[in-house]
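Open the model in your viewer and keep the selection tool ready. We will stop at a pair of helices and then at a strand.

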Amino acid sequence: MSVMALAKALGITLRHFFSKPVTIPYPDAPVPLKPRFHGRHVLTRHPDGLEKCIGCSLCAAACPAYAIYVEPAENDPENPVSPGERYAKVYEINMLRCIFCGNCEEACPTGAIVLGYEFELADYRYADFVYTKADLLVDTVGSKPQRREAERLGKPVKLGFQVPYVREALEGVKYE
Amino acid sequence: MVRLKINDRWVEVPEGTSVLDAIFHAGYDVPYFCSERHLSPIGACRMCLVKVGAPRKDKSGEWIKDEDGNPKIFWFPKLMASCTLAATEGMVVDTLADEVKKAQAGMVEFTLLNHPLDCPICDKGGACELQDRAYEYGLFGKYYTETQNGLKSVQYTRFEFDRRHVDKHKKLSEFVVLDRERCIICKRCVRYFEEVPGQEVLDFIERGVHTFIGSEEYPLPAGFSGNITDICPVGALLDLTARFRARNWEFESTPTVDMNDASGALVWVDARSGQIERVRARENPETNEIWISDAARFGHAWAREDRLRDPLVRKDGVLQPVSVEEALEHLKSLLGGIKGAEVGLYLSGDATLEEAYAFVEAAKALKTPHLDFEGRTAVAAGSFAPATYRDLLEADFSLVIGDPTEEMPILHLRLQEFLKGIKPAPRFFHGTPIADLQIKERMPRNKEKLAAFAPYRTAVMEWAAWQGTYAPGSAGAMLAALEAHMNGKRPPEVPGVPAETLRAVATRFLEAKKRILILGAEVLDDPEAAEAALRIARGKGALVFAMTPAAGARGFEAVGLWPEKGGAAFDEAGPAVVFASGATPVAEVLEKARVSMLHLSRLDPIAARYADVIFPAKTFYEKSGFTVNAEGRLLELAPAPVAPLGALDAIEALALLLEALGKKPPVSQFDQAHERLLERYRLPKSLDPFGWLWQPKPRLPVRAHAGADGGLYLRPSMWKHRQLADARVRAALGATRLSVHPKTAAEHGLVEGATVEVETPYGTVQASVAFDAGLPEGFLYLPAYGRGTGRRVPFRLLVPAGGEA
C-alpha cells in the first residue's frame with residue numbers, strides 16, 4: 001500500500017467532512033416525500049361538506065389484509081351524512097394489519113378513501129391502532145399518538161414530512 | 001320421454017319439459033331473468049333466446065329426410081325464447097351460435113339501458129342476477145378491447161348517458177321496499193302473488209319505458225310478501241329488516257330450519273359480527289319449495305336484542321346477574337331435600353329432538369311423572385298417519401278444519417298447487433325445473449277439491465267449495481256429524497254449519513280416491529273432535545296433516561316426551577320444582593312451585609316476577625340437532641354463529657339442574673344426546689338435504705288441557721309472542737284486535753274501537769275492540785301469538801286508565 005493511496009483516501013474523507021450531509025436529521029427536520037407516497041388513509045369530503053364515503057364495503061372486499069371494517073346505515077333525508085341513501089356509520093382501519101398497498105383506494109367507487117402522507121403511527125396499545133371515522137376524516141391532521149401529544153402540550157400537531165405538492169385525489173387535505 | 005340435441009349432446013327429458021330446462025339438463029347455460037322455479041314461464045325478458053330447429057313429418061307420417069337419409073331439420077325463422085318452448089322429439093338447439101350470442105348480448109344491453117349504476121349501495125350487489133348475466137353475456141367487446149400487449153382498454157363507459165329517474169324509495173309495507181329505477185320488468189313478483197299465495201296485488205302500470213310495478217294497496221297483504229325479495233333478480237325489491245346491514249359477501253350464511261311452525265321450512269340465516277341480520281328461504285322441493293312465511297323471514301330481531309347473557313338469581317326479591325358457579329350454588333341451596341319425583345320438566349315447542357330425548361332420559365332418571373312441552377295437543381299428532389306435501393299434490397280432496405295460513409303457512413302455499421292440479425316437478429341435473437310448463441298464469445283453482453271449516457273466516461275458504469264457521473268448541477260435534485253422514489247414520493245438529501253442507505262434504509270425501517285431512521290445533525286439543533277425526537282417518541283411509549302449535553311436536557312424541565299418569569302438564573300447577581326451558585309457564589304454575597328454574601333467551605314479565613333462577617338460553621337459530629316436521633320429515637338444524645357467550649342449550653341447562661339435585665345427568669352434552677338418539681332410533685348419521693321420512697306411531701294416552709272451556713278464543717297466528725318485541729313487527733301487525741260479534745259485544749258492554757285490557761292465563765294484553773258480524777256469537781277472539789293456540793280460555797276484561805269500554 002503506497003502513501004499515495006492513503007492520502008487519496010484521507011482526501012475523500014476530508015472532502016465529505018466539509019460537504020453538506022445527505023442524512024436527514026429526522027425528527028428535527030421534516031422528511032421530503034414523493035407525491036405518490038402511501039401513508040395513513042384519509043376519508044375525503046365533497047366540496048359541499050358531505051362525506052364521499054357511501055359505506056359500500058368495496059374497500060373492505062379489496063383489502064388483502066382484512067384491515068377494514070365498514071358498517072353502513074341509511075341516511076336521514078333531512079340531515080344526510082353523504083349523498084344518496086347510504087352512509088358509513090362505522091368505518092375502521094386497523095393500521096397494524098394495513099400493508100398500505102392502496103387497493104382500497106383503487107376499489108373505491110367515489111374516491112372517498114385515499115392514502116395520504118402521514119406515516120408516524122407508532123403507538124403503545126393494540127386498540128389504539130384501530131382508526132375510526134373521527135381519526136380518518138379529512139379534517140383530522142396527524143396520527144392518534146401525534147394528536148395525543150399535541151393535546152398534552154397544548155400545541156398544534158407537528159408533522160415530520162413535507163411534500164412538493166399534494167395529490168388531486170386528496171381534495172381538501174391540508175398538511176401544515 | 002323425448003330426445004333432443006343441445007349443441008353436441010343428446011339428452012332425454014320427460015314430455016312437457018321446456019327447452020330451457022333441457023339446455024341446463026345437458027350441462028349448457030342460457031341466461032334468463034323472468035323464469036323462476038315454481039313460477040309460470042312467460043317469456044317476458046327475452047334473454048333466453050336460442051336457435052332451434054325441429055324435424056317434420058310429411059302427410060304419410062314419415063320423417064322428412066335430407067340427402068343423407070337423416071331427418072331434415074327445419075330451423076325456426078327467428079330465435080326462440082327457450083323458456084316457453086316445449087322440447088319435442090328430435091329437436092336441435094344451438095346455444096353457442098354467433099347469432100344467439102349477439103341477441104343475448106343485445107338484450108343485456110337493453111336491460112342495462114335504464115338500470116341505475118348504484119350497485120355499490122344496492123343490497124343485492126354481489127348476489128344480483130343482472131350483475132352476473134351482464135358479466136357473462138353482456139356486450140363486453142364493445143366496452144373493452146384487447147391491445148397489443150394483451151391488456152384490456154376501456155373504449156366506452158356506461159356512465160356516458162343519463163338514465164330514467166323514478167321513485168327510488170317506495171315502501172310497499174313495513175318489511176319490503178321497492179326501487180323503481182332498478183326494476184327490469186321481469187314480472188316475477190307480479191306472478192308470485194297471483195300464483196303462489198293467491199293474493200293478486202301487484203301489477204304493471206303504464207307501458208313501454210314508462211312501465212312500473214304498482215299496487216292499489218298499502219301495505220302488501222300479510223303472510224307471504226317477503227318471498228318477492230328473494231326472487232327479485234335485481235335490487236328492486238328489498239328486505240327492510242336487513243336494509244344496509246352488510247354486503248352479501250360479508251354475511252356468514254348458515255343452512256338451518258325455521259322452527260316458528262311445524263311446516264319444516266328450510267332457511268338461510270345470515271349473520272354478521274355475531275348478530276342475525278337476515279333470514280332467507282332455502283330450497284327444499286319436498287316442503288317449502290323456495291318460499292317461507294313472513295313470520296319466519298322478518299321475525300328474527302328477538303334473537304338479537306335484549307338477550308340474557310348471564311344467569312340471574314333472585315336475592316332479596318330482586319333478580320341479579322351472577323356467574324354460572326354462583327347460580328349453581330344458589331340452586332343447590334334451594335333444592336335441598338327435594339325428591340326427583342317432585343321436579344317438573346318442561347320444554348319449549350321449538351326445541352330440537354336431542355333436547356327432547358335428554359328431557360325424557362332425565363325424567364326417567366328422576367322418576368318424575370311431570371314431563372311436558374309447550375304447545376302439546378290433547379291428542380298426540382303421532383296418532384294420525386301423516387300426510388306429506390307430495391301426498392297432498394296427489395290427492396283428490398282435502399278437508400281443512402283449522403287455519404293453515406296461520407298455523408302452518410307453507411301448507412297454504414302448497415294447497416294452492418293442489419287446487420291448481422300441479423304435480424310434483426321432475427328433478428333435473430340442475431335440480432328443480434326453472435321453466436315448468438305445467439304452471440301457467442292465472443290458473444283456475446278447482447274449488448271442488450277443498451272443504452274448509454274454522455271458528456272464523458280463514459284465507460283458504462276463498463278456494464273452498466264447501467265452508468262454514470262453527471262456534472269454538474263445536475269442532476267435535478261437527479266431526480261427529482261428518483262421520484254420521486259418512487256412515488249413513490243420523491247426524492247431530494251443528495250450530496253454524498248447515499247439514500246439507502256437511503252431507504255434501506261427506507259424499508265428496510267418500511268419492512275421492514286419495515283424501516287428506518288437515519287438522520288445526522283446536523281439533524287436536526279437543527279430545528272429542530280429535531278422536532272423531534282419528535276414526536274418520538282410520539276408517540276411511542285418509543292421511544292427516546296435524547298442524548301442531550309446537551314445531552317439533554311429532555318428534556317429541558316419537559321419543560316419548562308426554563306427561564305421565566298423575567304428572568302435571570305444562571300449564572298445570574303441581575310440581576314443587578319447575579324447570580322450564582325456552583318457554584315460561586303460566587303465572588299460577590310458578591307461583592305455586594317452591595322453586596322455579598327457567599332457561600330463557602329473553603326475560604319476560606312472568607319470569608321476572610316469579611322465577612328463582614334463570615339461565616341464559618340459546619335460540620333455535622343457534623342450535624345443532626334434528627327436528628321432525630308435521631309430515632314426519634327429519635330435518636337438520638345448524639348453529640348460526642350468533643349465540644351470546646354463556647348461552648346454554650336445554651341439554652346443558654338440564655344437566656345443571658340434575659347436578660344441583662345431586663343426580664348424575666344421563667346426558668349432559670349435545671354430542672352425547674345426538675349419538676344415543678341415532679343409536680336408539682336407528683336414525684341416519686347424515687341426512688339427505690331435503691330430509692328423511694321418519695314416521696313412527698307412538699301410542700300415547702289422550703291428555704286434555706285443564707280449564708279449556710272459557711269464553712275467549714285464542715285464534716292461531718303465524719307470529720309468535722317473542723317476535724312482537726320488534727317495533728317493526730308491531731307496526732306491521734297493527735294494534736291487537738279483540739274481534740267480537742256485535743251482539744256478544746253488547747253483552748260484555750264493549751264499544752267498537754275501544755281499547756281494553758284482556759286478562760288471560762298467559763298475561764294481560766291491550767287490545768282494541770273490532771266488530772265482526774261473521775263470527776259466531778258468544779265468544780271473544782284474540783290472536784294467540786303462539787301461546788294457547790286454538791284454545792278457549794277464561795278471561796277478564798279491564799278498562800285501562802283513560803280508556804272507555
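Two residues are in contact if their C-beta atoms, placed from the backbone, lie within 7 Å. Helices (H or I, at least four residues) and strands (E, at least two) are DSSP runs, numbered from the N terminus. This is a predicted model: local features need pLDDT of at least 70, side-chain atom pairs count only at pLDDT 80 or more, and totals for chains, interfaces and linings use all residues. Residues are numbered from 1 along each chain as its sequence is written, while chains are lettered from A and ligands numbered from 1 in the order in which they are written.

**Stop one: two helices.** Select α9(B), residues 353-366, and α20(B), residues 650-660. Where do they meet? Glu354(B), Glu355(B), Ala358(B), Phe359(B) and Ala362(B) in α9(B) touch Ala650(B), Ile651(B), Leu654(B) and Leu658(B) in α20(B).

**Stop two: a strand.** Now select β28(B), residues 613-616. Val613(B) and Phe615(B) point one way, Ile614(B) and Pro616(B) the other. In a regular strand the side chains alternate between the two faces of the sheet. Are these four residues of β28(B) buried or exposed? All are buried (20 or more other C-beta atoms within 10 Å of a residue's own).

**Stop three: its partners.** Strands pair if DSSP finds at least two bridges between them. Leu312(B) has Ile614(B) as its bridge partner. Met597(B) stands opposite Val613(B).

Terms used:
Buried ≥ 20, exposed ≤ 12 C-beta atoms within 10 Å, placed from the backbone. Axes fitted to C-alpha atoms, helices over the stretch in contact; angles between N-to-C directions.
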